[in-house]
Amino acid sequence: MTKNLNIDVDERGYYGRFGGAYIPEMLHPNIEELRLKYRKMTADPEFKKEFDALLKDYVGRPSPLYFAKRLSAHYGTNIYLKREDLNHTGAHKINNTIGQILVAQRLGKKRIIAETGAGQHGVATATVCALVGVECIVYMGEVDIARQAPNVARMRMLGAEVRPALSGSRTLKDATNEAIRDWINNPEDTHYIIGSVVGPHPYPDMVARFQSVISEEMKWQLQEKIGRDYPDAIVACVGGGSNAAGAFYHYLNDDRVRLVAVEAAGLGVDSGESAATSVLGTEGIIHGARTLLMQTDDGQVIEPYSISAGLDYPGIGPLHAFLIDSKRAEAISVTDDDALAAALFTARTEGIIPALETAHAFSALDQMDYGPDDVIVVCLSGRGDKDLAAFTTYLNQLGE
Ligand SMILES: Cc1ncc(COP(=O)(O)O)c(C=O)c1O
């Protein structure tokens, strides 16, 4: 691990070499307005008051930090689960959308667009739009619309329009392309609520700050439960990286804490059907940021694959590219099959059905080393209700 690394974003949005804002001219005024205002706006006591009150009374925070007794016994260590699955709408994504809708209101924007993969960010965006009464359009890949049908129904119920992305692998990357295209065509009245720590600066930093409530709570919850405010390791799945960024945030500069980022290996890292960006990725630009992405030698994005719609993305946020490049974080890749097995095991060991994304983080416990006195926090980013179709197919294959 690199010692004394100071991990903070600079004024232009760089974490070391990664980040920045590589955007079309048409979006320059919007991004520049956000960049100039977001820190001041979110530091305003009125903003913080409104944000904190909504997180408490609407989202249901603080989310519990739960000691998973039977999982701990199985692995021979101490495993705590940070229960983002218990948030309103069922995942961590709502922490960010609450923050961004307050930003949009202060910018006077009346129309909201978003991209979604697993549908959790789409649902969280549709939810906050209903909460404040503004129009909401969510772009979603056609493949994801089919595999995350319950979330599509929820978005419609909440009054959002779900627009299919029909290009490429018809997944999260393609939905993001469509959302950016929409924003270019409607820069005046529209705010784009990006759902992860990706995109041009200031999005990665802004989203990480909104999600940092996860590790802010972990600190006092660990103090209460184990008498020290840090764990030995934090394990989180990474699509773009927002739940991981939130869970790592207050420990980024604390070398006592191992940071473990878990990616989707799909059918296997070397199978050609994977989304293991930190192993397969090289430096380049995707969706407005310099980061690691899966690309051919001539810079064409390689279509990613994972059974999990929220991890099926060919890049990672610039913070994570920096954490991995500097060896501050470890990357672990988990296949579809191992994630399914981990979801079933977690369900039957703790009575908690995790999202397919989160199941990758649980599976990583099989690949890690730890001692009997270690304390490991797994960020339980979301619940698995949306994935019951995939789980049913799996159970049928097992003959159960
Ligand atoms: C439950 C859950 N966990 C994790 C993710 C991955 O996103 P991120 O890496 O931004 O946390 C998603 C994305 O949709 C999700 O729904």
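**Close-up 1. Thr358 and what it touches.** Skipping neighbours within four places in sequence, Thr358 has Cys237, Cys379, Leu380, Ser381 and Gly382 in contact (heavy atoms within 4.5 Å). This is a predicted model, where local features need pLDDT of at least 70 and side-chain atom pairs count only at pLDDT 80 or more, while totals for chains, interfaces and linings use all residues. Residues are numbered from 1 along each chain as its sequence is written, and side-chain values use heavy atoms, with hydrogens and water left out. Thr358 sits in helix α15, residues 356-364; helices here are DSSP runs of H or I with at least four residues, strands are runs of E with at least two, and both are numbered from the N terminus. With a relative accessible area of 0%, Thr358 is buried (under 20%; exposed is over 50%, partly exposed in between, using a 1.4 Å probe and protein chains only).

Close-up 2. The disulfide count is 0, a disulfide being a pair of cysteine sulfur atoms within 2.5 Å. Cys136 is in none, and its nearest cysteine sulfur, that of Cys129, lies 3.8 Å away. Cys136 is also buried, at 4% relative accessible area. For Cys237, the closest cysteine sulfur belongs to Cys379, and 7.3 Å is too far for a bond. Cys237 is buried too, at 3% relative accessibility.

**Close-up 3. The mixed sheet.** Six strands line up as β3-β4-β14-β9-β10-β13 in an open sheet with mixed pairing; two strands pair if DSSP finds at least two bridges between them. At the edges are β3 (65-67) and β13 (329-335), each pairing on one side only. Neighbouring strands are turned by 25° against each other on average, direction ignored. Strands β9 (233-237) and β14 (375-380) run parallel over 3 bridges, and Ala233 stands opposite Ile376 in β14. Helix α10 (213-226) packs on the sheet, touching β3, β4 (78-83), β9 and β14, and makes about 140° with the direction of β4. Helix α14 (336-350) also packs on the sheet, touching β3, β10 (258-266) and β13, at about 95° to β13.

**Close-up 4. Helix α2 against helix α4.** Helices α2 (45-59) and α4 (93-106) pack at about 140°, with axes 10 Å apart. Axes are lines fitted to C-alpha atoms, for helices over the stretch in contact, and angles run from 0 to 180 degrees between N-to-C directions. The α2 and α4 pair is therefore oblique: not under 35 degrees (roughly parallel), over 145 (roughly antiparallel) or 65 to 115 (roughly perpendicular). Among the contact residues are Phe47 and Phe51 of α2 and Ile94 and Ile98 of α4.
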